[in-house]
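Hello,

Here is the structure for you to look at. Please open it and keep it beside this email while you read.

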Amino acid sequence: MMNRSIAPELHTIEKIDFQTPEKLIFAKDKTLIVNRKVQNETARVDFYFDAGSAKGAPLIASLCAGLIFSGTDKLSSTAIHAKLDGLGAFFDISNSHESAVISFYALRTQMPAILSFFKEVVENAVFPDNEINELIADRKQKHLVNLEKMNFLVQREFQRTLFQNTEYGNLSELADFEKVESQSIREFFKSNYLNGLFKIVVVGDFDETFTNSILSDFQNWSKNEARQLRDTFFYKPENKHIEREKALQTAIRVGKLLFNKTHPDYHQFVILNTILGDYFGSRLMKNIREDKGYTYGIGSYLSEFRHTAFFAIATEVGKDVKDAAIKEIQFELQRLQDELIPEEELGLVRNYLEGQSLKSADGPYSMTDLFLQVDRFGLSMDFYNDFLSELHRVSPEDLREIARKHLHWNSLSIITAG
């Protein structure tokens with residue numbers, strides 16, 4: 001009988017067998033990515049469009065994404081959604097700074113019919129005025145509600161500070177909702193959807209006939225060259241506060257422009273950031289949540305873009321402890337620069353990150369997502385095993401040097417709202 005009083009032996013994960021999907025090039029630099037290693041009847045197909053909010057007016061980009069299935073000359077929005085439901089399709093539409101993605105999830109046998117219907121709907125979309133007006137009213141109301149939320153206000157100002165005078169710093173304002181013209185949405189759709197497809201991702205046990213048919217049916221949507229976004233930024237640290245007398249809490253963002261996966265310090269910074277604030281046992285959580293009781297939660301993270309990234313520490317605290325919380329954040333950052341991380345703490349984070357690496361590689365859908373995360377930067381799946389190697393090799397001295405190099409307090413912007 002198993003003795004449950006004895007903990008199981010721990011084994012170091014030296015390497016994970018990451019699977020690389022097939023990658024085909026069509027229409028010059030456009031890609032079709034296929035992972036056929038799905039051992040059940042489910043499937044997913046993603047369409048990536050050059051239609052992110054940094055490509056033009058962010059409100060127009062957002063509204064256009066929300067109106068893709070708003071109607072054709074023959075079908076209403078209700079009829080379109082009913083047909084997709086009848087085919088067993090779940091879909092998701094996301095709009096980020098750099099792209100818009102439409103994803104379909106369904107049984108493999110239903111996917112051809114779903115994509116055929118999708119093609120019909122998109123190529124015959126008319127964007128009815130009543131649907132446009134209804135969505136504008138809905139989004140405007142949500143915007144008004146969000147303007148009362150300190151987290152929303154601080155994140156907007158943080159983004160504006162980091163990316164000032166660039167496409168990434170453009171934000172939708174309340175007045176913009178009154179200026180929307182339906183023709184602007186239709187023109188954005190034509191330029192960035194009907195002519196802006198740049199990547200298709202297929203996950204499912206499909207044969208080549210299916211993938212060839214996708215290319216045949218959809219490559220005509222990829223006529224335009226992808227527009228180049230800014231690849232140089234001129235960040236200057238700032239300290240700002242947005243006063244809201246009636247707010248009960250103050251939202252805090254501390255951070256800076258940093259780097260993405262292509263930078264040689266990336267792996268070590270991810271390890272350091274985990275210790276600082278990227279898991280529940282992090283230093284920020286232990287100090288500011290558990291010890292001081294200033295917040296219910298605090299964390300630090302990296303948000304990556306094609307040519308840059310930003311580092312941020314985010315939390316909400318009581319208005320009366322705002323300055324004290326910021327002081328403790330500064331203390332934890334300085335401690336990383338002054339003291340060596342104890343081997344016991346580093347060992348705990350090594351085990352945590354090994355487990356997260358295994359979890360993130362669980363199954364063909366996760367494997368495909370891992371590939372997409374590195375392929376956008378021109379990297380291969382070797383990136384992840386390189387991370388594991390660095391995780392086992394890195395020393396407390398290495399991490400202290402990374403903290404001194406990238407987390408100097410005077411290099412950080414401090415934005416608060418409350």
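The crossing of H2 and H3 is left-handed; that term applies when the near helix is turned anticlockwise from the far one by less than a right angle, and right-handed when clockwise. This is a predicted model, where local features need pLDDT of at least 70, side-chain atom pairs count only at pLDDT 80 or more, and totals for chains, interfaces and linings use all residues. Residues are numbered from 1 along each chain as its sequence is written, and side-chain values use heavy atoms, with hydrogens and water left out.

**Helices H2 and H3**

H2 covers residues 77-86 and H3 covers residues 111-123. Helices (H or I, at least four residues) and strands (E, at least two) are DSSP runs, numbered from the N terminus. H2 and H3 pack at an angle of about 165 degrees, and their axes are 10 Å apart. Axes are lines fitted to C-alpha atoms, for helices over the stretch in contact, and angles run from 0 to 180 degrees between N-to-C directions. H2 and H3 are therefore roughly antiparallel. Angles under 35 degrees count as roughly parallel, over 145 as roughly antiparallel, 65 to 115 as roughly perpendicular and the rest as oblique.

Which residues make the contact of H2 and H3? H2 brings Ile80, Lys83 and Leu84, and H3 brings Ile114, Phe117 and Val121. Contact means heavy atoms within 4.5 Å. By class, 5 of these residues are nonpolar, none polar and 1 charged. Here Ala, Val, Leu, Ile, Met, Phe, Trp, Tyr, Cys and Pro count as nonpolar, Asp, Glu, Lys and Arg as charged, and the others, Gly among them, as polar.

Ser77, Ile80 and Leu84 of H2 are buried (under 20% relative accessible area; exposed is over 50%, partly exposed in between, with a 1.4 Å probe and protein chains only). They span an arc of only 65 degrees around the axis, so they sit on the same side of H2. The arc is that of the directions from the helix axis to the C-beta atoms. On the other side of H2, Thr78, Asp85 and Gly86 are exposed. The buried residues of H2 pack against S4, S5, H3 and H4. Just after H2, Gly88 has a positive phi of about 75 degrees.

**Helix H7**

H7 runs over residues 208-218, and its buried residues are Phe210, Thr211, Ile214, Leu215 and Phe218. They fall within an arc of 140 degrees, so they line one face of the helix. Glu208, Thr209 and Ser216 are exposed on the other side. The cover over the buried residues of H7 includes S1, S2, S3, H3 and S6.

**Helices H8 and H14**

How do the axes of H8 (residues 266-277) and H14 (residues 396-406) cross? They come within 10 Å and cross at roughly 90 degrees. H8 and H14 are therefore roughly perpendicular. From H8, Gln268, Phe269, Ile271, Leu272 and Ile275 meet Asp398, Leu399, Ile402, Ala403 and His406 of H14. That contact has 7 nonpolar, 2 polar and 1 charged residues.

Glu332 lies in H10. Glu332 is buried, at 3% relative accessible area. Leaving aside neighbours within four places in sequence, Glu332 contacts Leu276, Arg283, Leu284 and Asn287. Leu284 is 48 residues away along the chain, yet the C-alpha atoms of Glu332 and Leu284 are separated by 7.1 Å.

Arg350 is in H11. Arg350 also counts as buried, at 16% relative accessibility. Not counting residues up to four places away in sequence, Arg350 touches Glu343, Leu391, His392, Arg393 and Val394.

Best wishes
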